[in-house]
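Here are my notes on this model. Please read them with the structure open.

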Amino acid sequence: IFSTSACWLALKFPCTQETLLLRVRSISMATGGSSPTEVDVLTHLQQLHSSPAAASSASEWLSAFQAKPAAWQICHNLLANPQWISAAPAVSHFAAQTLASKTRVGLDTLGGPGSRAAFRDALVTHLTTIYRAGPRVVVTQLAVALAAVMVHMEEWVDPLPAVLSRLCASTELSMVLLEWLTVLPEEVASERVLVPGLRRATFAAQMLGHTDMVLQTLTGLLPA
């Protein structure tokens with residue numbers, strides 16, 4: 001809490017081969033054509049972490065996948081399946097990390113405002129349901145993605161109070177709330193979030209207008 005407060009005031013993966021391979025084989029999907037599928041992603045993750053001979057090519061494939069528009073929906077689908085949290089944490093981590101990387105670059109390949117809003121809502125849903133108790137590495141990446149979406153989505157007017165309200169809805173969301181409040185000012189200031197300087201400055205000023213609200217929320221999390 002204190003380190004998170006400081007950020008605002010300053011502005012004022014383990015997975016076994018057997019487990020993952022079992023899960024990959026348990027999924028039945030059509031994999032024809034050149035478009036990547038969930039099975040493709042799971043197969044290459046399994047190769048990356050259990051097959052030294054194939055690790056290099058698997059890493060190259062996964063990196064290329066992350067740049068494809070299809071990665072948005074595939075990663076969302078993987079994150080929406082809670083089996084990976086315990087069966088193969090690397091899957092959820094990779095999916096969340098991919099979304100964080102893509103949102104930092106921009107939302108153009110998502111489509112129009114409706115698609116961006118749906119993606120935003122999906123991130124909040126992931127954070128407040130399946131991943132409300134972790135794993136923390138996944139929560140961090142999803143929080144980064146949400147922060148980057150906030151910076152990019154000019155049509156989302158004054159988003160901070162709306163997200164704060166959702167993440168304060170339950171004490172069970174305290175870890176998620178703290179993680180989001182920690183990464184938000186970091187992402188706003190980061191050049192990895194590719195937005196024009198004017199947009200960054202405008203959003204930062206808007207965010208600073210809510211500093212008192214954020215500090216009050218953090219104070220409420222302190223033990224009595």
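1. Gln46 is buried, because its relative accessible area is 12% and the cut-off for buried is under 20%. Bear in mind that this is a predicted model. Gln46 sits in helix H3, which covers residues 38–50. The C-alpha atom of Gln46 is 9.3 Å from that of Ala90, and 44 residues separate the two along the chain.

2. Glu187 is also a buried residue, with a relative accessible area of 2%. Its place is in helix H11, residues 174–189. What is Glu187 in contact with, leaving aside neighbours within four places in sequence? The list is Arg104, Val144, Ala147, Arg192, Val193 and Arg200.

3. Next, the nonpolar core. The largest one has 58 residues. Leu146, Met150, Trp180 and Leu184 have the most contacts inside it. Helix H9 (residues 136–152) supplies the largest share of this core, 12 residues. As a general point, nonpolar side chains tend to be buried together in soluble globular proteins.

4. Now a helix pair. H4 (residues 52–66) packs with H7 (residues 89–105) at an angle of about 50°, and their axes are 10 Å apart. H4 is therefore oblique to H7. On the H4 side, the contact uses Leu62, Phe65 and Gln66. On the H7 side, the residues are Phe94, Thr98 and Lys102. By type, the residues of this H4–H7 contact are three nonpolar, two polar and one charged.

Notes. Residues are numbered from 1 along each chain as its sequence is written. This is a predicted model: local features need pLDDT of at least 70, side-chain atom pairs count only at pLDDT 80 or more; totals for chains, interfaces and linings use all residues. Side-chain values use heavy atoms; hydrogens and water are left out. Axes are lines fitted to C-alpha atoms, for helices over the stretch in contact, and angles run from 0 to 180 degrees between N-to-C directions. Helices (H or I, at least four residues) and strands (E, at least two) are DSSP runs, numbered from the N terminus. Angles under 35 degrees count as roughly parallel, over 145 as roughly antiparallel, 65 to 115 as roughly perpendicular and the rest as oblique. Contact means heavy atoms within 4.5 Å. Ala, Val, Leu, Ile, Met, Phe, Trp, Tyr, Cys and Pro count as nonpolar, Asp, Glu, Lys and Arg as charged, and the others, Gly among them, as polar. Buried means under 20% relative accessible area, exposed over 50%, partly exposed in between (1.4 Å probe, protein chains only). A nonpolar core is a set of buried Ala, Val, Leu, Ile, Met, Phe, Trp, Tyr and Cys residues joined through side-chain atoms within 4.5 Å.
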